[in-house]
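These are my notebook entries on one chain. I set down what I looked up and the cut-offs I applied.

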Amino acid sequence: MTTSPRIVGLLFLLGAACATAAGAGSGGKSRYKQADFRIPDARSLAAQIDEDALRGKLDDASTHLSRGQQAQESGNSDQARAEFATAADIYRSALDMFRSTEWRMPLALRAAQLYLHAGKTEDAAGMATRIATDPEANDVSKALGAHLAAGAWQQVAVGQVKAGQLEPVRLPNAEQRAGKPLAPTTPPGAWKRFVEAADVYVQHADADPDLKKPANERLVGTSPAQVALIAAEVHYAFDNMEEARRRFEAILARWPSEAGVAEDAVPLLLQTYLVQKDEAGYRSALAAVRKSYEEAAAKGSEQGKAVAAKVLGLLSRYEAQTGFEQGSALLAQDKPVEAAERFEAIAAKYPESPDAAAALYNASVAWNKAGKPDEAAGAASKILEKYPDSSVAPSAMLSLAAVASRKDDHRTALARYTEFLAKYPTAPNRCLAMQNLGYENDKLGNKAEAAARYLALGTDPTCAKEDANTTARALYRAGTLFQGAKQKARALEAFTAASKLQGVTDEVARSQVEDAKRIVKRAR
């Protein structure tokens, strides 16, 4: 889970930046125009402003604004950005000079948008923050300003991360942390400014008029839930687990059915417990979230049901993982029966989980360790029946063959090994299967076939490198069997291959290699 949070999407239409903010409103009885007030054209605006100096500055800004529009329409992006930046600088200068003007919030919004067009994200964030913190701002202005500020501050942070000036946001889970102790830290620099703006926005998001527009027409593309999620992720990244947990819980309570939010918030909420090694808290939180989303799946809206299905699927995976850990711990404590039962319970409870097949395989291993081959075979058989394409299916087939062989059912074992090699010709345990195929034929009295299988194993370059001792014994047995079958040429081939083996260390295998060398020498 080592990922960075999603980027706040900022959308700036030139018309929106240069002509109007969203909607119209005067902020009630206050004389101050709010951020959503529609700014009139330059001539109409000038007629409503008493200060000559302010009118002059706005006229200058309008001139650069028009030049920027013309440059952009002509495809001259560099000139357009320069003109927009100049216009924004003039607006900021005017606002610094005339701090009490009733137009300060809509003008600040225009300046922020122009800075963004100019690529001056930090300046844009500063202007948007002015709106959100203006003492005369109503909820609408606070929402518009804070939303824009949050998006801009995050882009500032991302740019500084790329430049190596700021720590990135990473979201490692408990396993990836590998026991590294937490080091809670206040989010630095632009991350802190982003979180502050995000918190103001979430507090006033219900008043955001932008949310009534189609998504492709909004000033900022992310929803309140997404902004809140990123802020929670920032705290998680800087090890503030209690704060991150509080935020994830608030997100799930306020926006439980927003697609793409709950699916990200739930895993991180649970991880806040695991990284603190709070197993009891983890289990309690997991149970509480499951109950909530089971209710949503039963009686929620269609979207709510769809989100609930995804979340419940995630929870099943986490519950299965917990069961795996418990089963593994039991196996490590030399309690194979209890471990096997735990693994089988996982597979039975979560049959659709991608981990169900692995649980059955672990159960088979545990049953074998407990000396219960029939139960082991039963678990392995379920894998081949229910999950034939799983990654553990080849191992399950080998396990079944081994169980049959130990029970002296060599025909079944032979059939299993034959099927394994036919179905998985490049599997990691191919050499073991080749060896055992020779052994099963040997036990059944199929001497010539056994010799051929041993010879195939011994002359396979990969298998010879894996285990020189096993290869030596297989080749020597092949030569002996071919001799008994009066196939002198093939016997000599097997003994010759054995005599050339390198790296044989086992005492018996070494003696067989020396005997093979004598046989080859006499044959010459």
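Entry 1: salt bridges. I counted a salt bridge where a side-chain nitrogen of Lys or Arg is within 4 Å of a carboxyl oxygen of Asp or Glu. The model is predicted, so I note that local features need pLDDT of at least 70 and side-chain atom pairs count only at pLDDT 80 or more, while totals for chains, interfaces and linings use all residues. Residues are numbered from 1 along each chain as its sequence is written, and side-chain values use heavy atoms, with hydrogens and water left out.

I found that the structure holds 28 salt bridges. One of them joins Arg99 to Asp96, with the closest N and O atoms 3.9 Å apart. For burial I used relative accessible area: buried is under 20%, exposed is over 50%, and partly exposed is in between (1.4 Å probe, protein chains only). Arg99 is exposed at 56%, and Asp96 is partly exposed at 33%.

Entry 2: a bridge between distant parts. I looked up Arg177 and found a salt bridge to Asp239, whose closest N and O atoms are 3.0 Å apart. Arg177 lies in helix H8 (residues 174-177), whereas Asp239 lies in the loop between helix H10 (224-237) and helix H11 (241-254), so the pair links parts of the chain that are 62 residues apart. Helices here are DSSP runs (H or I, at least four residues), as are strands (E, at least two), numbered from the N terminus. Are Arg177 and Asp239 buried or exposed? Arg177 is buried at 13% relative accessibility, and Asp239 is buried at 10%.

Entry 3: a bridge within one helix. Glu449 and Arg453 form a salt bridge with their closest N and O atoms 2.9 Å apart. Both lie in helix H21 (residues 447-458), and because they are four residues apart, about one helical turn separates them. Glu449 is partly exposed at 33% relative accessibility, and Arg453 is partly exposed at 32%. I also recorded a network of salt bridges that links Asp89, Arg92, Lys120 and Asp123.

Entry 4: aromatic rings. I paired rings of Phe, Tyr and Trp (its six-membered ring) if their centres lie within 6.5 Å; planes under 30 degrees apart count as stacked, over 60 as edge-to-face and the rest as tilted. The structure holds four aromatic pairs. In one of them, Tyr476 and Phe495, the ring centres are 5.6 Å apart and the planes stand at 65 degrees, so the pair is edge-to-face. Tyr476 belongs to helix H23 (residues 468-484) and Phe495 to helix H24 (residues 488-499), so the pair ties together parts 19 residues apart in sequence. Tyr476 is buried at 18% relative accessible area, and Phe495 is buried at 1%.

Entry 5: charges over rings. I required NZ of Lys or CZ of Arg within 6 Å of the ring centre and within 35 degrees of the ring normal. The charged end of Arg31 sits over the ring of Tyr32, 4.4 Å from its centre. Arg245 lies over the face of Tyr273, 4.0 Å from the ring centre.

Entry 6: the whole chain. How many helices and strands does the chain have? It has 25 helices and zero strands. Buried residues make up 48% of its 524 residues. The C-alpha atoms fill a box of roughly 120 × 55 × 40 Å along the principal axes.
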